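Good morning, and thank you for coming. I shall take you through one structure and ask you to follow along on the screen.

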Amino acid sequence: MNFAVTDIGAVLPEVIVAVYACAILLIEPFLPKGRQEVLAYFGFAALGVAFYGTWNLMRTDLTVMNGMFVLDPFGNFFKLLLYVAAAMTILLSMEYLKREGIDRGEYYAFVLLATCGMMILVSASDLIMVFLGLELMSIPFYILAGFKRFEEKSLEAAAKYFILGSFSSGILLFGISLLYGLSGTTNLQALALHLRGAELQNPAWILAMILLVVGFGFKIAAVPFHMWTPDVYEGAPTPVTAFLSVGSKAASFAVFLRVFIEALGGIQSDWRFLLIFLSVVTIVLGNVVALVQTNIKRMLAYSSIAHAGYAMIGLIVGDSLGIFSLMIYMLIYAFMTLGAFGVVMLLRREGVEGDEIRDFAGLARKDRLTAFAMLIFMFSLAGIPPTAGFVAKFYIFMAAVNAHLTWLVVLGVVFTAVSAYFYLRVVMVMYMKEPDEAVQLSAPPGVVMVLAVAAAVVLLLGIYPSPFLDYAQEAVLKLR
Amino acid sequence: MVPLSYYVILSTMVFVIGVIGVLIRRNIIVILLSIELMLNAANINFVAFSHYLQNINGQVFVFFVLTVAAAEVVVGLAIIIALYRGKATVHIENINLMKG
C-alpha cells in the first residue's frame with residue numbers, strides 16, 4: 001500500500017467539482033431568498049475549472065490510487081461531455097426553477113454532486129469505485145427527480161426512481177460480490193488477468209455476469225429493465241429529465257463498457273448473446289411503444305430507450321470500431337436530446353404544462369426559430385442526414401457490419417424507419433396544424449443559448465464531424 | 001470451521017427473499033427493508049469470501065456498502081415522507097398518476 005500526493009493531481013477535476021458542491025451548500029443559507037441563482041454561476045465556475053483541468057490532462061494515461069482510478073483519454077472524452085451536459089442543464093434550469101417556485105441553491109449542488117459521481121464512474125478501475133460512483137450519481141438524482149416537492153407527479157417520479165434504482169444497485173452489488181468471491185479481486189485489470197485463458201468451469205461466473213448486466217441495464221434503461229424510465233422522465237422537472245437522459249446514460253454506458261470489455265472481455269462469448277437479445281428487444285419495444293405516446297416527455301423517454309438499444313450494438317461489437325462508435329453515439333445523442341428537452345421547456349407557461357404533443361400545434365407560426373430547432377433535433381433523433389444523428393447511426397451500423405452482425409443492422413434500420421413516424425409527427429404538428437391560441441412563448445436567455453448551441457453542434461457534427469471523430473479514435477487506440 | 005458454501009447459501013437466500021419482497025410487497029417501507037436485505041446479502045458474501053480468501057478487500061468493501069446504504073435510506077425515507085404528506089398513504093397501488 002502506498003499513496004503518493006501526486007495522485008491527487010489526477011483526481012483534481014473530481015475534487016474541484018465536489019468542493020464547489022459543498023461550498024454551494026454552505027453559502028446557500030446566507031443568501032437572501034430570490035438570489036439563489038448566484039449559485040448557478042458557482043456551478044458554471046466549477047464545471048469550467050474542471051473542464052480546464054481535464055482538458056490539460058486529456059492525453060495522459062495513468063492509473064493512480066492503487067489501481068482504483070484510471071485517467072485515460074476514453075474517460076476524459078466522457079468527462080468533457082459530462083461537463084458540457086451539466087452546464088447546459090444548469091442553463092436550462094435557472095429560469096425554470098424560478099418559475100416553478102423551487103429556486104433553491106441545493107439544486108445546483110446536487111447537479112454538481114451527480115456530475116462528480118458520473119466522473120468517478122467513467123474513471124473507475126475497481127468495482128468499489130464503480131459502486132460508489134454509481135451511488136454518488138444516483139442519490140442526487142433521486143432528490144432532483146422529486147425537487148418539485150409540492151407536486152405529486154414529481155414525488156411519484158422520485159419514489160419510483162428511488163425504488164427501482166436502489167433495487168438495481170442491490171442486484172449489481174450482489175453480482176460484484178460474486179465476482180470478488182470467484183476471482184479474489186475487485187480490480188478490473190486483475191479480473192481481466194484472472195479471466196485470461198481460464199476455463200470457466202464455475203457457473204457462478206455466468207450468474208455474476210447476468211447480475212451485472214441487469215444492474216447496468218437498469219441504469220442505461222434497456223428493455224426489460226426500462227419500467228422506471230417513462231414515469232420518471234414525465235414526472236421529474238424537465239431540466240432534470242434532460243440531465244438524467246444524457247449524463248446518467250453516457251456515464252453508465254462508459255462504465256458498462258469498461259467493466260465488460262476491459263474486465264470481462266475474456267468471457268465475451270458468454271455475454272455477447274445476452275446483450276444481443278437485450279439490444280434487439282430494446283430497439284423493437286422502444287420504437288414501437290413510442291408510436292402511441294401523446295406526451296412528448298414520455299415519447300422522448302421511449303426514444304431514449306430505443307437509442308440505448310442502438311448504442312448497445314457498439315458494446316456488443318466490442319472492438320475498437322465498436323467502442324469508437326459508442327462514444328460518438330453518446331456525444332451526438334447528448335446534444336440532440338438536450339436540445340429536444342430545451343424546446344419542451346419553452347412550451348411550459350402559466351397554467352399549461354406544455355408537454356403534450358398537441359401543444360406543439362402551429363409552433364412554426366408562433367415561433368419560427370424554435371420550431372426549426374425542434375425540426376433539427378427530431379431529424380437528428382430519427383437519423384436523417386445531414387444531421388448528426390445520421391453520423392451516429394452510420395458508425396454504429398458500420399461497426400456491426402464489420403463484425404458480421406448484418407441481420408442486426410437490418411433490424412436496426414427497419415426500426416429507424418419506424419421511429420421516423422413518431423419523430424416526424426412532431427414536425428408535422430408544428431408545421432401543418434393551426435395554432436390553438438395566440439400565445440406568446442417566453443424565451444429565457446439560458447434556454448435559447450442551449451438551443452442555439454445544441455442545434456449548431458448537431459448540424460456541425462452532421463456536416464463536418466472529423467475533428468470529434470479523430471479525438472474519439474485516438475482515445476480508443478489508447479484504451480486497447 | 002463453517003464451510004464457505006453455508007455462507008453463500010445463506011446470502012443467496014437472503015438476497016432472494018429481498019428480491020421477492022421488492023417484487024410482491026405493496027408497502028414502500030417494506031420494499032425499502034427488502035432492498036436493505038439485498039445489500040446485506042452482498043455484505044455477507046463479501047465478509048465470507050474475504051475470510052475464505054484471506055484478502056482484506058472484501059471487508060473494506062462492506063464499510064463502503066454500509067455507508068452508501070445509510071445515505072440511500074436517508075434519501076428514500078425523505079422521499080416517502082414527502083409522498084405521505086401529499087397522499088397520506090405509503091401503498092404503491094395509490095401512487096399511480098402516471099402509467100404506461
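How many salt bridges does the rule count over all chains? The count comes to 15, where a salt bridge is a side-chain nitrogen of Lys or Arg within 4 Å of a carboxyl oxygen of Asp or Glu.

Before the details, a word on conventions. This is a predicted model, in which local features need pLDDT of at least 70, side-chain atom pairs count only at pLDDT 80 or more, and totals for chains, interfaces and linings use all residues. Residues are numbered from 1 along each chain as its sequence is written, chains are lettered from A and ligands numbered from 1 in the order in which they are written, and side-chain values use heavy atoms, with hydrogens and water left out.

Let me begin with salt bridges inside chain A. In one of them A:Glu14 pairs with A:Lys79, their closest N and O atoms being 2.9 Å apart. This pair links distant parts of the chain, 65 residues apart: A:Glu14 belongs to helix α2 (residues 12-27) of chain A and A:Lys79 to helix α4 (residues 73-100) of chain A. Helices here are DSSP runs (H or I, at least four residues), numbered from the N terminus. A:Glu14 is buried at 5% relative accessibility, and A:Lys79 is buried at 0%; buried means under 20% relative accessible area, exposed over 50%, and partly exposed in between, with a 1.4 Å probe and protein chains only.

A:Lys79 is also one of the residues that A:Thr54 touches, along with A:Pro13, A:Asn76, A:Leu80 and A:Tyr83, not counting residues up to four places away in sequence. Contact means heavy atoms within 4.5 Å. A:Thr54 sits in helix α3 (residues 38-56) of chain A and is buried, with a relative accessible area of 1%.

A second pair is A:Arg258 with A:Glu262, at 3.8 Å between the closest N and O atoms. These two are four residues apart in helix α11 (residues 238-263) of chain A, and so are separated by about one helical turn. Elsewhere, salt bridges that share partners join A:Lys153, A:Glu156, A:Lys160, A:Asp231, A:Glu234 and A:Arg298 into one network.

I turn now to the interface. Here 41 residues of chain B are in contact with 38 residues of chain A. The two chains bury about 3500 Å² between them, 79% of it on carbon and sulfur atoms; buried area is the accessible area (1.4 Å probe) that two parts lose on being put together, summed over both. B:Phe61, B:Glu72 and B:Met98 supply 20% of the area that chain B buries against chain A, more than any other three residues.

Which side chains form a salt bridge between the chains? They are those of B:Lys87 and A:Glu152, at 3.6 Å from N to O. B:Lys87 lies in helix α3 of chain B and A:Glu152 in helix α7 (residues 152-183) of chain A, so the pair joins two chains. A:Glu152 is partly exposed, at 33% relative accessibility.

Finally, consider B:Leu53, in helix α2 of chain B. B:Leu53 touches A:Tyr180, A:Gly181 and A:Gly184, not counting residues up to four places away in sequence. B:Leu53 is partly exposed, with a relative accessible area of 31%.
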